[in-house]
Amino acid sequence: MDWQGKQARNTWTGHPMADRRDLNQLGLNAGKKARLHRILHHHGLRNGTALFLPYDQGLEHGPRDFFANQEASDPHYVLRLAVDGHFNGIAIQIGLAEKFYWDYAGEVPLILKLNGKTDIPPSDHALSPLHAGVEDAVRLGADAVGYTLYVGTPAQSEDFAQYRQIRAEAQRAGMPLVVWAYPRGSAVGAKGGRSSFYAVDYAARTASELGADMVKVNFPHPEMRTGVPPSYDAEFSAQQAIDAVVRSANRTLLLVSGGERAGDQAMLDKARASIRAGATGLIFGRNVWQRGLAESLRFVERLHDVLSEAKPRAGATDPAR
């Protein structure tokens with residue numbers, strides 16, 4: 001079956017699938033609703049789920065991430081992959097957006113990352129400075145903006161103030177705001193670590209409390225329990241953990257990150273658990289483009305298979321109406 005036909009299927013059995021949020025339930029202004037509708041119903045599987053391709057790692061990690069597939073160092077290559085793989089959007093920094101995105105404008109939605117940092121300094125006091133604004137996103141034809149928020153960093157006062165500025169600009173412009181909610185700082189390390197159930201759950205809730213329209217989180221690891229609060233120091237399955245994280249995001253749409261390159265089956269299991277929990281979708285970068293083009297597209301096809309299993313929204317209407 002081709003990718004367009006998958007939107008009609010729901011083949012998963014076993015764990016009951018949670019309902020996903022309808023855009024009409026999110027309290028969005030007209031501009032945000034229109035752009036999110038375009039992302040979710042005019043691209044990808046067009047069934048309200050999402051598969052995004054992040055490509056901000058050249059700044060965040062440096063060129064080492066391209067060693068596994070040197071073609072991926074070329075932004076044209078990755079943008080073409082986003083189009084051919086029927087992604088719902090690509091997330092890139094301002095420099096690449098200005099120099100490369102115009103070749104693909106209209107073919108794949110742009111999420112303009114507004115902040116970012118190198119990984120050369122330690123992350124004990126992590127803060128991601130701004131490099132662009134919402135006006136740049138409007139000028140470049142973006143359908144959303146992205147902001148990295150370091151939950152738990154000692155620099156959170158400055159981070160929150162910077163974020164508040166972007167949130168206000170996005171609200172005025174009707175631009176959806178996608179928050180990369182990443183636990184960071186020495187206090188996080190002492191309470192289970194940045195990928196613990198506690199840290200990821202807190203990050204999802206923080207993004208919702210601060211007004212994000214979408215939040216990107218890592219998949220939670222409930223086995224990471226050293227130093228966590230008592231409520232999290234108990235036996236939880238991976239499914240129970242991701243279920244709780246989606247609930248914590250409530251009316252903020254949740255995306256699960258692929259993270260570092262791992263085995264395909266592990267990634268597919270993570271994707272299935274996330275979609276069963278009611279997540280809106282996935283944001284997989286290195287696990288897609290750190291391999292040859294043909295292999296990348298085959299893996300994307302398998303991710304689309306998982307997204308096609310998502311439970312249809314109750315009362316959902318034909319997006320082409």
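**Ground rules.** I'm working with a predicted model, so local features need pLDDT of at least 70 and side-chain atom pairs count only at pLDDT 80 or more, while totals for chains, interfaces and linings use all residues. Residues are numbered from 1 along each chain as its sequence is written, and side-chain values use heavy atoms, with hydrogens and water left out.

**Barrel.** I looked up how the strands (DSSP runs of E, at least two residues, numbered from the N terminus) are arranged. Eight of them close into a barrel in the order S1-S2-S3-S4-S5-S6-S7-S8, with parallel pairing; to pair, two strands need at least two DSSP bridges between them. From one strand to the next the twist averages 25 degrees (axes are lines fitted to C-alpha atoms, and angles run from 0 to 180 degrees between N-to-C directions).

Next I checked S1 against S8. S1 (residues 50-54) and S8 (residues 281-283) pair in the parallel sense over three bridges. Ala-50 has Gly-281 of S8 as its bridge partner.

Most residues other than glycine have a negative phi, so I went looking for exceptions. Arg-46 isn't a glycine, yet its phi is positive, about 65 degrees. Arg-46 is partly exposed at 34% relative accessible area (buried is under 20%, exposed over 50%, partly exposed in between; 1.4 Å probe, protein chains only).

His-86 also has a positive phi, near 55 degrees. His-86 sits in the loop between helix H3 (75-84) and strand S2 (89-92), and its relative accessibility of 28% counts as partly exposed.

How values were computed:
Helices (H or I, at least four residues) and strands (E, at least two) are DSSP runs, numbered from the N terminus.
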